[in-house]
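Hello,

Here is the structure I promised to pass on to you.

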Amino acid sequence: MSALELESAQSTVNAVSRRWGRFLDEHDLFVCPTTPGAAPPSGTPAQDDARFDTAGAWMDEVFGRIPFTPIGNLTGQP
């Protein structure tokens, strides 16, 4: 990643965080599930699962299980 790409990404995070702050100025509470279903067993997915031939494939699986959390993580929500 170049310095310009990093700067662009940081600018995007800043803009999203500020928009989220404006949303929360108008709303007292934001309720959202963490996952789209029941929690999987602990250790799922296993990092050494043969289905995942790359780190990216494993990450896709992990983030597919928590589609609602990135906005909270990105904007520093509890």
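Which residues make a nonpolar surface patch of about 190 Å²? The patch is made by V13, I71 and L74. (For a patch, residues need over 30% relative accessible area and no salt bridge; like charges are joined within 9 Å, and nonpolar side chains, meaning Val, Leu, Ile, Met, Phe, Trp and Tyr, within 5 Å.) V13 sits in helix α1 and is partly exposed, at a relative accessible area of 32%. (Buried means under 20% relative accessible area, exposed over 50%, and partly exposed in between, with a 1.4 Å probe and protein chains only.)

Before going on, please note that this is a predicted model, where local features need pLDDT of at least 70 and side-chain atom pairs count only at pLDDT 80 or more, while totals for chains, interfaces and linings use all residues. Residues are numbered from 1 along each chain as its sequence is written, and side-chain values use heavy atoms, with hydrogens and water left out.

Now to the largest pocket, which holds about 350 Å³ of space. (A pocket is an open set of points on a 1 Å grid over the protein atoms alone, where a 1.4 Å probe fits, with protein on both sides within 12 Å along at least five of seven lines; lining residues have an atom within 4 Å of a point.) Its lining has 15 residues, and F30, C32, G72, Q77 and P78 lie nearest the centre. Helices α1 (3-26) and α3 (70-74) each supply at least two lining residues, and α3 gives the most, with three. (Helices are DSSP runs of H or I with at least four residues, numbered from the N terminus.) By type, the lining divides into nine nonpolar, five polar and one charged. (Ala, Val, Leu, Ile, Met, Phe, Trp, Tyr, Cys and Pro count as nonpolar, Asp, Glu, Lys and Arg as charged, and the others, Gly among them, as polar.)

There are two salt bridges, a term that here needs a side-chain nitrogen of Lys or Arg within 4 Å of a carboxyl oxygen of Asp or Glu. D49 pairs with R51, their closest N and O atoms being 3.1 Å apart; D49 is partly exposed at 22%, whereas R51 is exposed at 55%. E61 and R65 form a salt bridge at 2.7 Å, N to O.

One last item is the backbone. Most peptide bonds are trans. T44 and P45, however, are joined by a cis peptide bond, with omega about -5 degrees, and P45 lies in the loop between α1 and α2 (55-64).

Best wishes

Note on methods: Grid points are joined across faces, edges and corners, and a volume is the space filled by probe spheres set on the points. Accessible areas come from the Shrake-Rupley method with a 1.4 Å probe; for residues, only the protein chains shown count as cover.
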